[in-house]
Amino acid sequence: MNKHDPGSCDDERGNCKLCGHPFDPHLIIAYDVNDLTKGGEMRCQVPDCSCRQTLSFDLTDKEWVKKLNSLLKPPS
Ligand SMILES: [Zn+2]
Ligand SMILES: [Zn+2]
């Protein structure tokens, strides 16, 4: 069994499962940052890439939530 969370959008190398670009330049947008259960969407920021997918956040995955929070609220 692969222990990597199948609900996350990046593979074990940190690349997007859809377009294969590094997950890092992907932009994650929550529909409601105060209620992540509403889900959100992710877009690739690589020029000419039309990768876009809706997300349902798996809030039971603490690592993912931590990552999500850092993506949504980057330190200023
Ligand atoms: Zn892409
Ligand atoms: Zn992508």
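## Close-up views of a predicted model

**View 1. The bridge partner of alanine 30 in S2 is glycine 40.** The model shown in these views is predicted, and local features are described only at a pLDDT of at least 70, side-chain atom pairs count only at pLDDT 80 or more, while totals for chains, interfaces and linings use all residues. Residues are numbered from 1 along each chain as its sequence is written, and chains are lettered from A and ligands numbered from 1 in the order in which they are written. Strand S1 covers residues 27-30 and strand S2 covers residues 40-43, and the two pair in the antiparallel sense over four bridges. Two strands are said to pair if DSSP finds at least two bridges between them. Helices (H or I, at least four residues) and strands (E, at least two) are DSSP runs, numbered from the N terminus.

**View 2. Arginine 43 of S2 stands opposite leucine 27 and also has arginine 52 in S3 as a bridge partner.** Strand S3 is made of residues 52-55, and it pairs with S2 in the antiparallel sense over four bridges. The three strands form an open sheet in the order S1-S2-S3, with antiparallel pairing. Because S1 and S3 stand at the edges, each with a single partner strand, one side of each is left without a neighbour in the sheet. Neighbouring strands of this sheet are turned by 20 degrees against each other on average, direction ignored; the axes behind this angle are lines fitted to C-alpha atoms (for helices over the stretch in contact), and angles run from 0 to 180 degrees between N-to-C directions.

**View 3. Glycine 39 is found in the loop between S1 and S2.** With 13 C-beta neighbours inside 10 Å, glycine 39 counts as partly exposed. A residue is called buried if 20 or more other C-beta atoms lie within 10 Å of its own, exposed if there are 12 or fewer, and partly exposed in between, with the C-beta atoms placed from the backbone. Although glycine 39 and serine 56 are 17 residues apart in sequence, their C-alpha atoms are 4.4 Å apart in space. When residues up to four places away in sequence are not counted, glycine 39 touches Tyr31, Thr54, Leu55, Ser56 and Phe57, where two residues are in contact if their C-beta atoms, placed from the backbone, lie within 7 Å.

**View 4. Valine 46 and aspartate 48 both lie in the loop between S2 and S3.** Valine 46 has 15 C-beta neighbours inside 10 Å and therefore counts as partly exposed, whereas aspartate 48, with 5 other C-beta atoms within 10 Å, is exposed. Aspartate 48 also has a positive phi of about 75 degrees, although it is not a glycine. Leaving aside its neighbours within four places in sequence, valine 46 is in contact with His21 and Pro25. From C-alpha to C-alpha, valine 46 and proline 22 are 9.3 Å apart in space, while 24 residues apart in sequence.

**View 5. Leucine 18 has its place in the segment before S1.** Leucine 18 is partly exposed, with 16 other C-beta atoms within 10 Å. Not counting residues up to four places away in sequence, leucine 18 touches Cys51 and Gln53. The C-alpha atoms of leucine 18 and cysteine 44 are 9.7 Å apart in space, although the two residues are 26 residues apart in sequence.

**View 6. Leucine 72 is found in helix H1, which runs over residues 62-72.** Leucine 72 is partly exposed, with 13 other C-beta atoms within 10 Å. Leaving out residues up to four places away in sequence, leucine 72 touches Ile28, Ala30 and Val33. Leucine 72 and isoleucine 29 are 43 residues apart along the chain, and their C-alpha atoms are separated by 6.9 Å.

**View 7. The whole protein contains one helix and three strands, which follow the pattern β-β-β-α along the sequence.** Of the 76 residues of the protein, 8% count as buried. Among the contacts with a separation of 6 or more, 28% come from residues 24 or more positions apart. The mean pLDDT of the protein is 83, and 84% of its residues reach 70 or more; pLDDT is the predictor's confidence in each residue, from 0 to 100. Among the elements, S2 has the highest mean pLDDT (91) and H1 the lowest (83). Where pLDDT is low, the predicted coordinates should not be read in detail.
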